[in-house]
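Please have the structure open as you go through the points.

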Number of protein chains: 2
Amino acid sequence: WIDAPTRVGDLLAKGVLGAENGEVIVSDSTTVNLFKLTSAILDGREGALLTDAGNFPTDRYVLEGLAAGRGRELRLFEPADTLHGPSPEDVAQAVAHADVALAVISHVAYSSGALADLKGIEAAAGSTPIVWDLSHSAGAVAADLSAAGARYAVGCTYKHLNAGPGAPAFLYVREDAQSALRSPIWGWFAQREQFAMERSYDPEPGIRRFLAGTPPILGLIAVQEGVKLTAEAGLPAIRAKSESLTELIVTYHDEHLAALGFELGSPRDPGRRGAHVSLRHPLAWPICRALIDRADVTPDFRGPDRVRLGVAPLYTTHVEVFDALERLRGLVELGEHELVDAAPSRVT
Amino acid sequence: WIDAPTRVGDLLAKGVLGAENGEVIVSDSTTVNLFKLTSAILDGREGALLTDAGNFPTDRYVLEGLAAGRGRELRLFEPADTLHGPSPEDVAQAVAHADVALAVISHVAYSSGALADLKGIEAAAGSTPIVWDLSHSAGAVAADLSAAGARYAVGCTYKHLNAGPGAPAFLYVREDAQSALRSPIWGWFAQREQFAMERSYDPEPGIRRFLAGTPPILGLIAVQEGVKLTAEAGLPAIRAKSESLTELIVTYHDEHLAALGFELGSPRDPGRRGAHVSLRHPLAWPICRALIDRADVTPDFRGPDRVRLGVAPLYTTHVEVFDALERLRGLVELGEHELVDAAPSRVT
């Protein structure tokens, strides 16, 4: 079990991320991995931290905390096209200032589902390090990290890799960039000859240097199985099905939901979105509650006005998506969302 | 599930640690929790970091990393009596220098099993913060944190709380000390009104401010069950049984093992040790290998010369301990440890 973080990391690298053996570990949470990786990069680079204003909260918070702790600036940029998210041109412009230390960008935007041009942004960023957050893409959209020239990434395994809530996350560093980085958390699982125990800290030369405490084996086994199933199905087939499933939502929206006050909050071109679709509606919160309480459909509410419908291409069927949309339409037509307790709660 | 870190934390606080509701979360690893807590304390205090030279490797490494990152000194002190570990007098002397920011001390020493006088050390430390590592005591020895006046602690759940390798760890901060501290990892699970998502970081007022990413639910459920069983058995009964089990090892050592070149590496007084016993022997490594390979007994090798025998008082029986000792004696008498492959491996 002691090698599970790299063994499962290798499965993930080869089967899902398009990376090489020895470039990925599975450990800790996405938040902790993002902290370790961005902190390590900042040790070697002056300048501001950069991300887009619509990036996932924990990404913004981690950067905000690092900026505060190091007396750096956190710069949030607005993409020219907010629906489609950061473009290569946006990133080229944002890093054109010589004082950018690094940027953190999500491959698929949590709110709109917009798919970023990973390869194009890497090229546009030049020597400025981009840390990719693959949480909303890993297992649903191929990242092809090696081919795209990506150097750094983190991401979760509990969304499209199906490893269960809070399953351990992953951290990717391209082989040639590993030895220059040192995690800020000096833990015993990163120590060379770990069980000698009597010496000063001397981290492993490879990707293991980003480990910290004892790896969470129960969660790692769930990741392993999720990755195996994903790799077996193959990302091209998964991607094709996810495009078809989200296209069904978009078509149904146009035909039946737009008339009920919904607005598409995701890119219309299937090639520009990941595996979820946001439908905007002024009463999104009670609609989400009604879907859960009265229709056995589980969306995510994403404030202030989004009903986010995630499809898991590995097992969600077209019939299930169609049924969910029919129930959504039916309950809004009948005004059932006006009958639910609309008091806020922590999760939809 | 979203409240599992505090819900399981409350169970642990009341049933095992002698703390109050709202003072404990279960999240991340011991290493990451120690990093978060010591880093937060260092934000408010000048001076050196202190621990004893025999403390667990990850504790030393985390402090070494923090010291390096902040330009502080890491001071390792040798207890006057290394077998019995840090005493209140040792700590009083070490913190007498006005420039100590904090000290990290293990309640039970990983190597010798020595039990520290938690209450006495807290009193001796005065206003200097002590962060307790309860990894080797939680679930086997009562810490009685509130009664002892302890302010800060971390610890694992996979040793005597039986939650499985790498199960999420715990972090304790006494209620009155919480609001002054801010975790260095600003994650979305620590954010007030977490799902509003559109604002700057504003951490929860209570212990939740030390959360980071999504809590590992699979591991948390295992912790919950381990804690429930431990609380049901009750720490006084567990402690009485562990003293009796370790006393059996000590007695057997004196009668049969000392003659084979073993030396007791743990305190002789059962009141001064936790729930494991170290037996020192020049050939400890091949003896550990032979126990595993040829006798179906699983010790831990702890370098350079210790066979560490951990007893899990909740379910290890006296007969099992006696049988293990008989097998140990038998194989050393027959020289079976000279027949194993003594090449080093990462874990015993």
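1. Over all chains there are 17 aromatic pairs, a pair being rings of Phe, Tyr and Trp (its six-membered ring) with centres within 6.5 Å; planes under 30 degrees apart count as stacked, over 60 as edge-to-face and the rest as tilted. One of them joins A:Phe56 and A:Tyr110 edge-to-face, at 5.1 Å centre to centre and 90° between the planes.

2. Before going on, a word on provenance: this is a predicted model, where local features need pLDDT of at least 70 and side-chain atom pairs count only at pLDDT 80 or more, while totals for chains, interfaces and linings use all residues. Residues are numbered from 1 along each chain as its sequence is written, chains are lettered from A in the order in which they are written, and side-chain values use heavy atoms, leaving out hydrogens and water.

3. A:Trp188 and A:Phe189 are both buried.

4. On the chain contact, 48 residues of chain B touch 48 residues of chain A (heavy atoms within 4.5 Å). The count of salt bridges between chain B and chain A is zero (a side-chain nitrogen of Lys or Arg within 4 Å of a carboxyl oxygen of Asp or Glu).

Conventions:
Buried means under 20% relative accessible area, exposed over 50%, partly exposed in between (1.4 Å probe, protein chains only).
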